[in-house]
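Dear colleague,

I am handing over the structure we spoke about, with the sequence alongside. Please look it over before reading my notes.

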Amino acid sequence: MTQGTTTLALPNQQLAAAVSNPGALGTIEAYITAVNQQPMLSAELEQDLGRRLQKDGDLDAARQLIMSHLRLVVSIARQYLGYGLPHADLIQEGNIGLMKAVKRFDPDRGVRLVSFAVHWIKAEIHEYVIRNWRLVKVATTKAQRKLFFNLRRMSPEDGQTLDPEQVDSIARELNVRPQDVAEMELRMSGAEMALEAPYGNDDDDAVFAPISYLSDEGELEPSNVLAQRAQVQLQGPGLETALARLDDRSKHIIESRWLQDDRGPTLHELAAEYGVSAERIRQIETAALKKLRGFLEAQVA
C-alpha cells in the first residue's frame, strides 16, 4: 500500500491485490461482490483480534480486521460518486484510511472498529477528492475543506446559483461568514480552461485560447526586461570598464577596428603604425576580443 501503510500478506492473493487496486478482480462489481462475502466479526472476536495486533503485531489479526470492514469502505465511497471521480479510486483511498484506522485501533476503549474507522476512511477520501477534483485546488485549509463538502451537500440539486437568502441560511447552519460561502460557491462553479488551444484544432480555437490574449504587450516579460538591462549595461559602462582592463595597444586596436562609426583602419595600417606585421596585429586583436568577452561575461554573471 501507499503512504507508509503496512502491506499485509493475505491468503487470498486476488483479493489482497484488490485491496490496493479494486480493479484487480476485473470489474468494480466483482470487487464489491467479493468484499460483501467477507464474514463480519462479533464484538468479542474484534476485541481479541485488536489486542493481538496491538500487543503482538499479529498481521493475520490485522488482515481479518481489514477484510471484514472492506464493505464499509465501499458504502462510504459510494457517497462521493457525485464528484465525477472513479469509484475504484475512491475505494482505494478509503482502504488506505481503513488500514490506518486498524493500525491505531484500541479495543480497550469500548468502541467498535466500525465507528472508529469511519473518520479515517472519510479523511482519506476527502483528501483524494480535494486533490483531484480540479487542477487548481478549491480548498486548502481545514475550514475550507469542511465548507467545500458541506456546500456540495446543501446546494440545490438543479445546479442553480445560491441566492442571498440561501447563502445566509447556509452560513448560519455551518457557523461561517456569508462571504465565505459565496467565495466557495464561486470557486466550485468556475470551469477550467486550457491555456493553449488543443493540438490539431483550427485557427479560430487558437485565436480565442487564453494564451493569445492574456499577455500584456505594454509590459515586457521579466526575463526580457533583465536581458535589456544587461545589454544596456554592456554597451555603456560595462564596456568602458572592460576596455580599461586592456593594455594601451590592445585597447587602441579594438577601439580603432570595432568602435568607430565610420570605417576603421585596416590590419596593415595598424601594423605600419606599430612597426609589426599585420598577422601580429590580428593576433593581438583576437586575444583582446577574447579578454573583453571574458570581462563582460563576468559582469553579467
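Below are my notes on the model, element by element.

This is a predicted model, in which local features need pLDDT of at least 70 and side-chain atom pairs count only at pLDDT 80 or more, while totals for chains, interfaces and linings use all residues. Residues are numbered from 1 along each chain as its sequence is written, and side-chain values use heavy atoms, with hydrogens and water left out.

I begin with the helices, which, like strands, are DSSP runs numbered from the N terminus (helices are H or I with at least four residues, strands E with at least two). In helix 2, which covers residues 28-36, the residues Ile28, Tyr31, Ile32, Ala34 and Val35 are buried, where buried means under 20% relative accessible area, exposed over 50%, and partly exposed in between, for a 1.4 Å probe and protein chains only. Viewed down the axis of helix 2, its buried residues fall within an arc of 160°, so they line one face of the helix; the arc is taken over the directions from the helix axis to the C-beta atoms.

Arg63 belongs to helix 4 (residues 59-68) and counts as buried because its relative accessibility is 19%. The side chain of Arg63 makes a polar contact with the side chain of Asp60 at 3.0 Å; such a contact is a pair of N or O atoms within 3.5 Å, where within protein one must be able to donate a hydrogen and the other to accept it, and residues adjacent in sequence count only if both atoms are side-chain atoms.

Helix 6 has 18 residues and reaches 26 Å from its first C-alpha to its last, close to the expected 26 Å, a span defined as 1.5 Å times one less than the number of residues. Helix 6 is also mostly covered, since 13 of its 18 residues are buried. The UniProt annotation "domain: RNA polymerase sigma-70", from an unreviewed entry, covers residues 89-102 and 266-292, although UniProt annotations may be inferred rather than shown by experiment. Over residues 89-102 the chain is 100% helix, with the end C-alpha atoms 20 Å apart, whereas over residues 266-292 it is 85% helix and 0% strand.

Which rings form the one aromatic pair that the structure holds? They are those of Phe105 and Phe116, whose centres are 6.4 Å apart and whose planes meet at 45°, so the pair is tilted; rings of Phe, Tyr and Trp (its six-membered ring) pair if their centres lie within 6.5 Å, and planes under 30 degrees apart count as stacked, over 60 as edge-to-face and the rest as tilted. Phe105 sits in the loop between helix 6 (87-104) and helix 7 (113-132), and Phe116 in helix 7, eleven residues apart. Phe105 counts as buried at 6% relative accessibility, while Phe116 is partly exposed at 27%.

Finally, Asp247 lies in the loop between helix 13 (237-244) and helix 14 (248-258), and at 39% relative accessibility Asp247 counts as partly exposed. A polar atom of the Asp247 side chain lies 3.2 Å from the backbone nitrogen of Arg249. Asp247 and Ala288 are 41 residues apart in sequence and 8.9 Å apart in space, C-alpha to C-alpha.

With kind regards
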